[in-house]
Amino acid sequence: VVIMFAMEQEAAPTISRLGLASKGAFAPPLPCLAYSGTKGRLDVTIVVNGNDAHYKVAAAGTVPAALTVNAVCDKLKPDLIINAGTCGGFKAKGGAIADVYVIKESANHDRRIGIPGFSEYGVYRTATVDGSAMADALGFKQGLCSTGNSLDLAPVDMEEMLKLGAACKEMELSGIVYTAGMHGVPVLGLKAITDIVDGDKPSAEEFVQNLGKAAKAIEEATVSVLGYLEGKETLTKPL
């Protein structure tokens with residue numbers, strides 16, 4: 001099992017909790033970093049995108065995520081990828097800070113290509129691995145996750161997310177699902193809310209304020225998910 005995080009701050013509590021050993025950069029020139037170990041009978045590797053070489057900040061967004069997952073699939077050959085991390089949530093969908101969602105579908109809200117056929121390609125609405133039974137067993141919420149490459153929210157983005165019925169908004173999952181799909185590797189999305197998209201606080205301010213709380217929620221959720229997966233005969237059927 002490979003668990004992918006965009007940011008070191010999101011991943012650090014889970015790496016520590018699982019006692020994983022640093023393996024460093026495993027796919028140069030990409031900056032992505034790996035941490036490996038075991039959880040029961042599972043071989044577990046956490047991969048983070050690493051820092052951008054030019055701006056020295058976490059390499060967030062769909063392009064670094066897609067490059068990293070391509071390297072993961074090529075070099076690590078996972079049976080399952082879990083994209084864990086943080087997201088914006090919607091109070092209209094019952095979302096609250098640190099709530100954890102198992103993602104049912106991924107889509108894009110900022111790829112608007114108004115040409116017949118290309119519109120659907122731009123949105124690229126895709127089912128993720130079926131984790132509904134697991135979500136019910138572990139008490140997690142479920143919903144569609146919409147991906148875009150901006151933290152803030154333009155009105156047209158909100159329109160698209162409302163059309164999609166999005167429960168979560170973030171910046172990587174659709175790129176991971178798209179690229180892993182080329183390799184035939186299933187992806188499970190696991191997201192904890194840092195900010196309320198349809199709330200009254202700026203997303204960046206709320207994200208920074210709640211990152212630690214959401215990272216702790218993801219740590220607990222990831223450990224629970226791995227415990228659940230230990231009892232499965234296969235990681236490729238519905239979970």
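How many bridges join β3 to strand β4 (residues 42–48), and do they run parallel or antiparallel? In this predicted model, seven bridges join β3 to β4, and the two strands run antiparallel.

Tyr 35 has Ile 46 in β4 as its bridge partner. Strands β3 and β4 form a hairpin with two residues between them. Gly 40, in the turn of this hairpin, has a positive phi of about 65°. Strand β3 is also joined to β2, by four bridges, in an antiparallel arrangement. Here Ala 21 has Ser 36 in β3 as its bridge partner.

The loop between β2 (21–25) and β3 (33–39) contains Pro 29. The peptide bond that joins Pro 28 and Pro 29 is cis, with omega at about 10°.

**Thr 14 in helix α1**

Helix α1 spans residues 8–18 and includes Thr 14. The relative accessible area of Thr 14 is 0%, so this residue is buried. When neighbours within four places in sequence are left aside, Thr 14 is in contact with Phe 5, Ile 46, Ile 218, Glu 219 and Thr 222. Among these, Ile 46 is the residue in β4 that is the bridge partner of Tyr 35.

Why is strand β9 (residues 166–170) described as largely enclosed by the rest of the structure? Five of the five residues of β9 are buried, and therefore the strand is largely enclosed.

Two strands pair with β9. Strand β5 (residues 81–89) is joined to β9 by two bridges, and this pair runs antiparallel. Gly 89 stands opposite Cys 168 in β9. Strand β8 (residues 141–147) is joined to β9 by four bridges, and this pair runs parallel. In β9, Lys 169 is the residue opposite Ser 146. Together with helix α5 (residues 155–164), strands β8 and β9 make a right-handed β-α-β unit.

| Strand pair | Bridges | Direction |
|---|---|---|
| β2 and β3 | four | antiparallel |
| β3 and β4 | seven | antiparallel |
| β5 and β9 | two | antiparallel |
| β8 and β9 | four | parallel |

**Helices α2 and α6**

Helix α2 (residues 62–75) and helix α6 (residues 173–182) have axes that come within 8 Å and cross at roughly 30°. The crossing of α2 past α6 is right-handed. On the α2 side, the residues that meet α6 are Thr 62, Ala 65, Ala 66, Val 69, Asn 70 and Cys 73. On the α6 side, Ser 174, Gly 175, Ile 176, Thr 179 and Ala 180 take part. By class, this contact has six nonpolar residues, five polar residues and no charged ones.

Helix α6 is mostly covered, as seven of its ten residues are buried. These are Leu 173, Ser 174, Gly 175, Ile 176, Val 177, Thr 179 and Ala 180. Just after α6, Gly 184 takes a positive phi of about 70°.

**Ile 81 in strand β5**

Is Ile 81 buried or exposed? The relative accessible area of Ile 81 is 0%, so the residue is buried. Ile 81 is found in strand β5. With neighbours within four places in sequence left aside, its contacts include Val 69, Val 72 and Cys 73, as well as Ile 176 and Ala 180. Val 69 and Cys 73 are also among the residues of α2 that meet α6, and Ile 176 and Ala 180 are among their counterparts in α6. Further contacts of Ile 81 include Val 2, Met 4, Val 185, Pro 186, Val 187 and Leu 188. Of these, Val 185 is 104 residues from Ile 81 in sequence, while their C-alpha atoms are 7.1 Å apart in space.

Ala 98, a residue other than glycine, has a positive phi near 75°. Ala 98 lies in the loop between β5 and β6 (100–108). Its relative accessibility is 18%, and it therefore counts as buried, the cut-off being under 20%.

Tyr 124, also a residue other than glycine, has a positive phi near 50°. Tyr 124 is placed in the loop between α3 (118–123) and β7 (126–127). At 33% relative accessibility, Tyr 124 counts as partly exposed.

Note on methods. Residues are numbered from 1 along each chain as its sequence is written. This is a predicted model: local features need pLDDT of at least 70, side-chain atom pairs count only at pLDDT 80 or more; totals for chains, interfaces and linings use all residues. Side-chain values use heavy atoms; hydrogens and water are left out. Axes are lines fitted to C-alpha atoms, for helices over the stretch in contact, and angles run from 0 to 180 degrees between N-to-C directions. A crossing is left-handed if the near helix is turned anticlockwise from the far one by less than a right angle, and right-handed if clockwise. Contact means heavy atoms within 4.5 Å. Ala, Val, Leu, Ile, Met, Phe, Trp, Tyr, Cys and Pro count as nonpolar, Asp, Glu, Lys and Arg as charged, and the others, Gly among them, as polar. Buried means under 20% relative accessible area, exposed over 50%, partly exposed in between (1.4 Å probe, protein chains only). Two strands pair if DSSP finds at least two bridges between them. A crossover is right-handed if, with the strands pointing away from the viewer, the path from the first strand over the helix to the second runs clockwise.
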